[in-house]
Amino acid sequence: MNRNCSHCSQDFKIEPNFYSAASWIKYPIILLIVVHLVLSVIALNTMYGLSLKILIPIFMVICLAIQVPIIRISKAVLINLTLNFIGDSKKA
């Protein structure tokens, strides 16, 4: 991997606490998604009478499948919150 961005010369060296800070951003994202999934499982159980033996494994597979995208989103959110983007230096 390059040490600097070829376009804006941003340093790619990750700070020591980058991943722990990204995990703090990940918590509210997971909370929003899991609360809606739990409410959907409860609604499917009460409205349609679907068995929890079917719904809970589906719920767990969905939760496992969305972990990687959520981690990537949380890292992108952290970068956008902490990195000062100046814009295209060629335009100025």
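The legends below describe several close-up views of one predicted protein model.

Residues are numbered from 1 along each chain as its sequence is written. In this predicted model, local features need pLDDT of at least 70 and side-chain atom pairs count only at pLDDT 80 or more, while totals for chains, interfaces and linings use all residues, and side-chain values use heavy atoms, with hydrogens and water left out.

**View 1. The protein chain as a whole has three helices and zero strands.** Read along the sequence, the pattern is α-α-α, where helices (H or I, at least four residues) and strands (E, at least two) are DSSP runs, numbered from the N terminus. The accessible surface comes to about 7800 Å², of which 67% belongs to carbon and sulfur atoms; such areas come from the Shrake-Rupley method with a 1.4 Å probe, and for residues only the protein chains shown count as cover. Of the 92 residues, 14% count as buried, a word that means under 20% relative accessible area, whereas exposed means over 50% and partly exposed lies in between (1.4 Å probe, protein chains only). Among contacts (heavy atoms within 4.5 Å) between residues at least 6 apart in sequence, 61% join residues at least 24 apart.

**View 2. The largest nonpolar core is made up of L37, V41, L55, F59 and C63, five residues in all.** A nonpolar core is a set of buried Ala, Val, Leu, Ile, Met, Phe, Trp, Tyr and Cys residues joined through side-chain atoms within 4.5 Å. The elements that give two or more residues to this core are α1 and α2 (52-65), and α2 gives the most, with three residues.

**View 3. C63 has its place in helix α2.** C63 counts as buried because its relative accessibility is 15%. Leaving aside residues up to four places away in sequence, C63 touches V34 and L37. The C-alpha atoms of C63 and I30 are separated by 9.0 Å, although these residues are 33 apart along the chain.

**View 4. Two aromatic pairs are found in a search of the whole structure.** Rings of Phe, Tyr and Trp (its six-membered ring) pair if their centres lie within 6.5 Å, and planes under 30 degrees apart count as stacked, over 60 as edge-to-face and the rest as tilted. F18 and Y19 form an edge-to-face pair, with 5.3 Å from centre to centre and 80 degrees between the planes. In the pair of W24 and Y27, the ring centres are 5.4 Å apart and the planes stand at 90 degrees, so this pair is edge-to-face. W24 and Y27 both lie in helix α1, three residues apart, which is about one turn of the helix. F18 is buried, with a relative accessible area of 15%, whereas W24 is exposed at 63% and Y27 counts as partly exposed at 46%.

**View 5. K26 is a buried residue of helix α1.** Its relative accessible area is 18%. K26 touches I70, I71 and S74, when residues up to four places away in sequence are not counted.

**View 6. A nonpolar patch on the surface is formed by L31, V35, V38, L39 and I42.** Together these residues have about 430 Å² of accessible area. Patches are made of residues with over 30% relative accessible area and no salt bridge, with like charges joined within 9 Å and nonpolar side chains (Val, Leu, Ile, Met, Phe, Trp, Tyr) within 5 Å; a salt bridge is a side-chain nitrogen of Lys or Arg within 4 Å of a carboxyl oxygen of Asp or Glu. V35 lies in helix α1 (residues 18-48) and is partly exposed, with a relative accessible area of 40%.
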